[in-house]
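Me: I have a structure to go through with you. Let us take it question by question.

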Amino acid sequence: MNQIALTEFCDRPAWEVAPELVGAALLVEGVGGLVVETEAYEPDDPASHSFGGPTARNAAMFGPPAHAYVYRSYGIHWCFNIVCRRGSAVLVRALEPKWGLEAMMARRGLRDAALLAAGPGRLTQALAITRAHDGMPLAGAAIALDPHPAAQPLATGPRIGISKATERPWRFGLAGSRYLSRPFGRG
């Protein structure tokens, strides 16, 4: 998808974009897979990095849609987000590895495909995403995002690892996928 079409796709509320990213192809330098889990974050959401307004850390969230927002979580793991409308983004929580498996296995130091990119920190390690990717366009040479044209069977539920706005069912995953960061609850 070209940058103009991708910008139009992403220039909507994150909670609309997030479920439609399930099934999208995501590649970084030719290594990647299909997105199987996402979470949405909006500017009026107390769990969102944009809730308090722009800062040096979250500047990409206030930039153009269809760009990367990369931040470090707990001082340990990088997390990769897709910028939507101003101040909103979709956290990519997990993907099903498809391309460059050997590179992902070497980066992660394991061979179990189900664990290569099952979680935001694992995903960024497998794809070698760092702060250097923050603000990059998602239809560029380094990062390529191609949303899936067909609707996917979805599971939905509360987001993981947050303490505010926990009631929002803004976590979306490919129903039945073995590549999720954590299974969805029943009912």
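Me: Is Cys79 buried or exposed?
Reply: This is a predicted model, in which local features need pLDDT of at least 70, side-chain atom pairs count only at pLDDT 80 or more, and totals for chains, interfaces and linings use all residues. Residues are numbered from 1 along each chain as its sequence is written, and side-chain values use heavy atoms, with hydrogens and water left out. Buried means under 20% relative accessible area, exposed over 50%, partly exposed in between (1.4 Å probe, protein chains only). Cys79 has a relative accessible area of 5%, so Cys79 is buried.

Me: How many disulfides are there?
Reply: A disulfide is a pair of cysteine sulfur atoms within 2.5 Å. The closest cysteine sulfur to that of Cys79 is in Cys84, 16 Å away and too far for a bond. Cys84 is in no disulfide either, as the nearest cysteine sulfur, that of Cys10, is 5.4 Å away. The count is zero.

Me: Which residues have the most contacts inside the largest nonpolar core?
Reply: A nonpolar core is a set of buried Ala, Val, Leu, Ile, Met, Phe, Trp, Tyr and Cys residues joined through side-chain atoms within 4.5 Å. The largest has 47 residues. A second, separate core of 10 residues includes Tyr41, Phe62, Tyr71 and Cys79. In the largest core, the residues asked for are Leu26, Phe80 and Leu127.

Me: How many residues of S4 are buried?
Reply: Helices (H or I, at least four residues) and strands (E, at least two) are DSSP runs, numbered from the N terminus. S4 has seven residues and is largely enclosed by the rest of the structure. The buried ones number six.

Me: Over how many bridges do S3 and S4 pair?
Reply: Two strands pair if DSSP finds at least two bridges between them. S3 (residues 68-73) and S4 are antiparallel, and Ala68 stands opposite Ile82 in S4. Their hairpin has three residues between the strands, with Tyr74 in the turn at a positive phi of about 55°. The bridges number six.

Me: Which residue takes a positive phi in the hairpin of S4 and S5?
Reply: Three bridges join S4 to S5 (residues 89-99), and the two run antiparallel. Val83 stands opposite Ala89 in S5. Five residues lie between the strands. The one with a phi near 80° is Gly87.

Me: What arc do the buried residues of H1 cover?
Reply: In H1 (residues 3-10), Leu6, Phe9 and Cys10 are buried. They lie on the same side of H1, judged by the directions from the helix axis to the C-beta atoms. The arc is only 90°.
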